[in-house]
Amino acid sequence: MHPETFLRRGAGCVVAAFLFTLTVSAAEPARWWKGNLHTHSLWSDGDDYPEMITDWYRQHGYDFLGISDHNTLQNSNKWANAAKAKGGPVALEKYLKRFGKDWVEQRDGEKGKEVRLKRLEEYRGKFEEPGKFLLMQCEELTDRYKTSPIHMNVHNIQERIAPQGGDSVLEVMQNNVNAVFAQRERTGVPMIPHLNHPNFGWGVTAEELAQVKRERFFEVYNGHPTVHNSGDSVHASTDRIWDIVLTQRLGQLGLEPMFGMGTDDAHHYHKFSATNSNVGRGWIFVRATELTPEKLIAAMEVGDFYASSGVTLKEVKRSQSELTLEIAAEPGVTYVTEFIGTRKGYDGKSEPVRTAKGDAIRVTHRYSGDIGKVLATVKGTKAGYALKGDELYVRALVTSSKPKKDSNEQPEFERAWTQPVVK
Ligand SMILES: [Zn+2]
Ligand SMILES: [Zn+2]
C-alpha cells in the first residue's frame with residue numbers, strides 16, 4: 001500500500017492494515033538456503049581451525065554449515081601442536097592474522113607451542129546471525145566392517161555417538177542409524193543421519209544401502225577426490241546406486257525413498273588442487289521458511305532440497321503429477337536435464353559382478369535398463385516431466401556444459417540433482 005493512501009483512510013482501515021501486516025509477517029515465504037553438512041577441521045583430520053573454515057563458508061555465500069569431525073564433537077579441551085598439526089605454522093599464521101592474538105589461545109607444551117581448539121559454543125556467536133548464517137552441530141560417525149569403511153554424518157546431533165559396530169555392512173549401518181534415532185527420541189530434538197560416500201573404499205553396495213531402515217539420505221555427490229562418485233568398470237556410480245536403492249525400497253522393500261546429498265567433505269584449506277579435498281565443491285539448497293535446524297531438517301525430510309556441484313536452480317516443483325525445474329543459467333553455459341525413473345513392472349533381476357575365474361565379488365549387482373531409465377531429456381533452462389502414472393519415482397539430473405573445476409574424475413561437468421517424486 002502506498003503510504004499516502006494509507007494515511008487518507010479512516011481509523012478502521014488502520015486496524016485492518018495492521019492485522020494484514022501481522023498475517024503477512026507470520027507466514028514468511030519459503031526460500032532457498034545454501035549449505036554444506038560435511039567438512040573437517042583440526043578437531044579431527046582437517047588442516048585448519050574451525051573459525052577459519054566457518055569464515056570461508058560464510059564469506060562465500062553459504063547460509064549454513066556443519067563441521068562434521070570424525071567421531072567427535074567440538075566440545076572438549078583440545079590443544080593442537082602448532083608446528084606438527086595438519087596445516088602447521090601456515091595455518092596458525094593465517095589464524096592469527098584473521099582473528100588476532102587476543103582470540104587465539106596459545107601455550108608452551110612439552111613438544112612446542114600449542115593452540116587450543118575453540119569449542120563450537122565458544123566461536124559460533126562470532127558467525128551466527130538469525131536468518132543469515134547458521135552452524136549446525138554435526139559428527140561424522142566413522143565406523144567400518146572388516147575392510148569396508150562405513151561413515152555416516154549426523155546433523156543437529158546433541159551428544160556424541162560412538163561407532164556402534166555390527167556383524168555385517170548392513171548391520172553396522174543399521175546400528176548407527178538406530179543410535180541416532182534413539183538420541184532423537186530421547187532428546188526430542190530433530191536430527192538426521194546421512195550415509196557418506198558409499199564408494200569410498202568401495203564400502204557400501206546399493207543392495208546393502210537399500211535395506212537400511214529409517215536411513216533417508218545418502219551422498220550422491222561428495223567433493224573428496226578419492227570417493228569414486230562415478231564408480232569404475234566394476235563398481236556402480238553413486239547415481240546408479242541411487243536408482244537401484246530407490247527401485248528396491250519403493251518397489252520391493254516397502255521402505256521410504258532415499259534422498260541425495262551434495263557435500264564437500266573438505267580436509268584441505270590451504271592448497272587447492274584435484275588431489276586435495278577442498279571447499280566449494282558440493283552443497284545442498286534447502287527450501288524453508290526459516291534458517292533453523294528444525295525447519296531445514298523438516299524440509300529435507302520431505303525432499304524439499306536439491307544437491308549441486310555447480311548448477312543453481314531457480315525453481316523446483318515436485319508434485320504427484322509433474323516434476324518441473326528452472327535453471328539459473330550462467331552466460332555461455334548450456335544445460336541438459338534428464339528425467340530418470342523406474343516404471344512399475346520393471347525387470348528387477350540382477351547379476352553379480354564376477355572375477356575372470358567366475359567368482360562373484362561383493363559389489364553392487366548389474367541390473368536391466370528398466371532401473372533408473374532416462375524417461376525424457378530436455379535441453380535448455382526450463383524442463384518438465386508429466387508423470388504417466390506408472391512410475392515408481394522420477395528424479396531430475398541437470399548437467400551443464402561447464403567443466404567441474406579441480407575434478408579428479410575427468411571428464412566431469414557441473415550438475416544438480418533434484419529429489420525424486422514418488423508415486
Ligand atoms: Zn568419511
Ligand atoms: Zn568426511
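Predicted model: local features only at pLDDT ≥ 70, side-chain atom pairs only at ≥ 80, totals over all residues.

**Strand 1 and its partners**

Let's start with strand 1, residues 31-36, and strand 2, residues 64-65: the two run parallel and are joined by two bridges. Look at Gly35: its bridge partner in strand 2 is Phe64. Strand 1 also pairs with strand 13, residues 283-288. That pairing is antiparallel, over five bridges. Find Trp32 there, and you'll see Arg287 of strand 13 opposite. As a reminder, strands of a sheet pair through backbone hydrogen bonds, either parallel or antiparallel.

The pLDDT averages 94 over the protein, and 94% of the residues score at least 70. Residues 1-25 are the stretch to watch, with pLDDT below 50. Beyond near neighbours in sequence, that stretch has four contacts in the model.

**The overall picture**

How many helices and strands does the protein have? Nine helices and 24 strands. Along the principal axes, the C-alpha atoms fill a box of roughly 75 × 65 × 50 Å. Of the 423 residues, 42% count as buried. Now take contacts between residues at least 6 apart in sequence: 68% of them join residues at least 24 apart.

Next, an open sheet of three strands, in the order 4-6-5. Its pairing is antiparallel. Strand 4, residues 79-81, and strand 5, residues 106-109, are the edges, each pairing on one side only. On average, neighbouring strands here are turned by 40° against each other, direction ignored. Strand 4 meets strand 6, residues 112-116, over three antiparallel bridges.

Five antiparallel bridges link strand 15 to strand 16, residues 322-327. Val316 stands opposite Leu325 of strand 16.

**Helix 8**

Is helix 8, residues 238-253, enclosed or open? Twelve of its 16 residues are buried, so helix 8 is largely enclosed by the rest of the structure. The buried residues include Trp242, Arg249 and Gln248. Asp239 and Asp243 are buried too. So are Ile241, Ile244, Val245, Leu246 and Leu250, among others. Gly254 follows the helix, and its phi is positive, near 65°.

**His151**

Now to strand 9, residues 148-155, which holds His151. Why does His151 count as buried? Because 28 C-beta neighbours lie inside 10 Å, and the cut-off for buried is 20 or more. Set aside neighbours within four places in sequence, and His151 is in contact with Glu140, Leu141, Thr142, Asn196 and His197. For a sense of scale, compare His151 with Ala386. They are 235 residues apart in sequence and, C-alpha to C-alpha, 37 Å apart in space.

**Backbone details**

Where is Asn71? In the loop between strand 3, residues 68-70, and strand 4. Asn71 is not a glycine, yet it has a positive phi of about 50°. With 15 C-beta neighbours inside 10 Å, Asn71 counts as partly exposed.

Then His228, in the loop between strand 11, residues 217-222, and helix 8. Its phi is near 55°, again a positive value in a residue other than glycine. Is His228 buried or exposed? Buried, with 21 other C-beta atoms within 10 Å.

Last, the peptide bond from Gln410 to Pro411 is cis, with omega near -5°. Pro411 sits in the loop between strand 22, residues 391-403, and strand 23, residues 413-418.

That's the tour. Questions, please.

Methods: Residues numbered from 1 in each chain as written. Chains lettered and ligands numbered in written order. Helix = DSSP H or I, 4+ residues; strand = E, 2+ residues; numbered from the N terminus. Contact = placed C-beta atoms within 7 Å. Pairing = 2+ DSSP bridges. Axes fitted to C-alpha atoms, helices over the stretch in contact; angles between N-to-C directions. pLDDT = per-residue confidence, 0-100.
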